[in-house]
Amino acid sequence: MRKIIYTLSLIIVVSSMSCSHKTYTNLSNVEGKENTTITQSDEEGAVQEPAWTYYERLSYVFGADSTCVGIRNDMDFPDWYSGCFVNNHDRLTINVVGDTAELRPMLAELLNGNEFDLGIGICPKKEQIRVQELLHEAIASNYKGAMQSSSDEDGTITVILQGKDSSVVEDFKKNVFDSPILRFEIADKVGIELRCDTINVEEKAFVTHESSPQFPGGETAMIEYIYDNLRYPKEAYDENIQGRVVVQFLVDKTGNIDSIKVVRGKDPYLDAEAVRIVKAFPKFTPGKFDLVPINQWMTLPIKFSVSDYKEKMDRKYPAFQYDNGDDYIRDGLYRIVDKRGKIGYADEKGNTIITPRFAFGFPFENGKAKVTDSGQEKEVEGSRGEYHYWESDDWYYIDKTGRRLED
């Protein structure tokens, strides 16, 4: 049986790259952009590592992991990073803001190699993202005309306005939004264009044969578990040693962790802490091939940041209000709440033990607490608004590290 599929392509902003090898294709598509490039010559006879290798390593520097390799706008970019693309020599060009002579050796160490080029960035990526957000807010409330915008690899933003002369640009800058990093162009027609192509394809059933191991509660729960349980070694904290430790481990067919090893270390104390955290992981849902559990290796980068750890330790949350007062200490912990209304837990001294992240949670009892990530608060019938309860279909138990317990 044959099926006709119509594909619609939209001319619209491309704001970030996806988490897959398709990201490399997207990078290649912009190789024609103008850029000032500082090239390092290769050793004669050496085999050049592909641009994708360096792009992948750069994404790890910004916080990606093996399950989602790619550079996304929600990452915490350093002030020196402006953008990147693949140039005409099939090398990754990293646009930087600052002294390239100082940044190159730092990047060579982070990326474990020298086969990349540096370009000159105009503006840091994180500032570009902030300006892009402000631009979109201003357009939504103050602009009725047709326009397009795109983020450029040097940190600037190109805005295309529909009009006949430069007066539309001056009007936009005066009445809508302006920034030093905006670059304006004028076009007779700007907007969404639809192009329709007819493609005949054979209708087939596609089956994913292999699935990866899963931390209980998913990747978000694993990140939260690491955040809650990371204990910065005093020796490394005092010396301001920080960075990323990459750990590899085997999840066997029963879901147990085995054969933990550091594949990219930073410091003996940080390496040991990363191994300790992984060793304490709960059982995973094992990876499968055609629904049959299999042994599967996983690679996990764990970030150590002194400022992040200090912020975590210094942050205090108000107590959850219960019976018209602060929650009681039970089993050594009491409930806390953040501005979103999420529930967490603190010890008797007020130190955050489990960061607020649950929609609701009951007090700890015998080393475990019943929590949920969904649901809603409801009034007890007949209580005239005085008593409430939490209704959810997805309750589970956690231990005092925030780790989800098996049923």
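Colleague: Is Thr-355 buried or exposed, and at what relative accessibility does Thr-355 count as such?
Modeller: This is a predicted model in which local features need pLDDT of at least 70 and side-chain atom pairs count only at pLDDT 80 or more, while totals for chains, interfaces and linings use all residues. Residues are numbered from 1 along each chain as its sequence is written, and side-chain values use heavy atoms, with hydrogens and water left out. Buried means under 20% relative accessible area, exposed over 50% and partly exposed in between (1.4 Å probe, protein chains only). Thr-355 therefore counts as buried, at a relative accessibility of 16%.

Colleague: Which side chain makes a polar contact with the side chain of Thr-355?
Modeller: Thr-355 belongs to strand E20, residues 352-358, and, leaving aside its neighbours within four places in sequence, is in contact (heavy atoms within 4.5 Å) with Tyr-227, Asp-228, Tyr-317, Ile-343 and Gly-344. A polar contact is a pair of N or O atoms within 3.5 Å, one able to donate a hydrogen and the other to accept it, and residues adjacent in sequence count only if both atoms are side-chain atoms. At 2.6 Å, the partner of the Thr-355 side chain is the side chain of Asp-228.

Colleague: Which residue has its backbone oxygen 3.5 Å from a polar atom of the Thr-352 side chain?
Modeller: Thr-352 also lies in strand E20, and Thr-352 is buried, with a relative accessible area of 17%. Not counting residues up to four places away in sequence, Thr-352 touches Tyr-317, Ile-336, Tyr-345 and Ala-346, among others. The backbone oxygen lying 3.5 Å from the side chain of Thr-352 is that of Arg-315.

Colleague: How far apart are the C-alpha atoms of Val-159 and Phe-184?
Modeller: Val-159 sits in strand E7, residues 157-162, and counts as buried at 0% relative accessibility. Although Val-159 and Phe-184 are 25 residues apart along the chain, their C-alpha atoms are separated by 4.9 Å.

Colleague: At roughly what angle do the axes of H2 and H3 cross?
Modeller: Helix H2, residues 51-61, is mostly covered, with ten of its eleven residues buried. The axes of H2 and helix H3 (residues 100-111) come within 9 Å, and the contact is made by Tyr-54, Arg-57, Leu-58 and Val-61 of H2 and Leu-107, Leu-110 and Leu-111 of H3. H2 is roughly perpendicular to H3, because the axes cross at roughly 95°.

Colleague: Which residue caps the N-terminal end of H8?
Modeller: Helix H8 covers residues 268-279, and its buried residues are Leu-270, Asp-271, Glu-273, Ala-274, Val-275, Ile-277 and Val-278. Those buried residues pack against helices H6 (219-229) and H7 (234-238) and against strands E11 (243-251), E12 (257-264) and E15 (296-304). At the N-terminal end of H8, a side-chain oxygen lies 2.9 Å from the backbone nitrogen of Tyr-269, and the capping residue that supplies this oxygen is Asp-267.

Colleague: What percentage of the residues of the protein count as buried?
Modeller: The protein has nine helices and 25 strands, these being DSSP runs numbered from the N terminus (helices H or I, at least four residues; strands E, at least two). Among contacts between residues at least 6 apart in sequence, 61% join residues at least 24 apart. Of the 407 residues of the protein, the share that counts as buried is 41%.

Conventions: The expected span of a helix is 1.5 Å times one less than its number of residues. Axes are lines fitted to C-alpha atoms, for helices over the stretch in contact, and angles run from 0 to 180 degrees between N-to-C directions. Angles under 35 degrees count as roughly parallel, over 145 as roughly antiparallel, 65 to 115 as roughly perpendicular and the rest as oblique.
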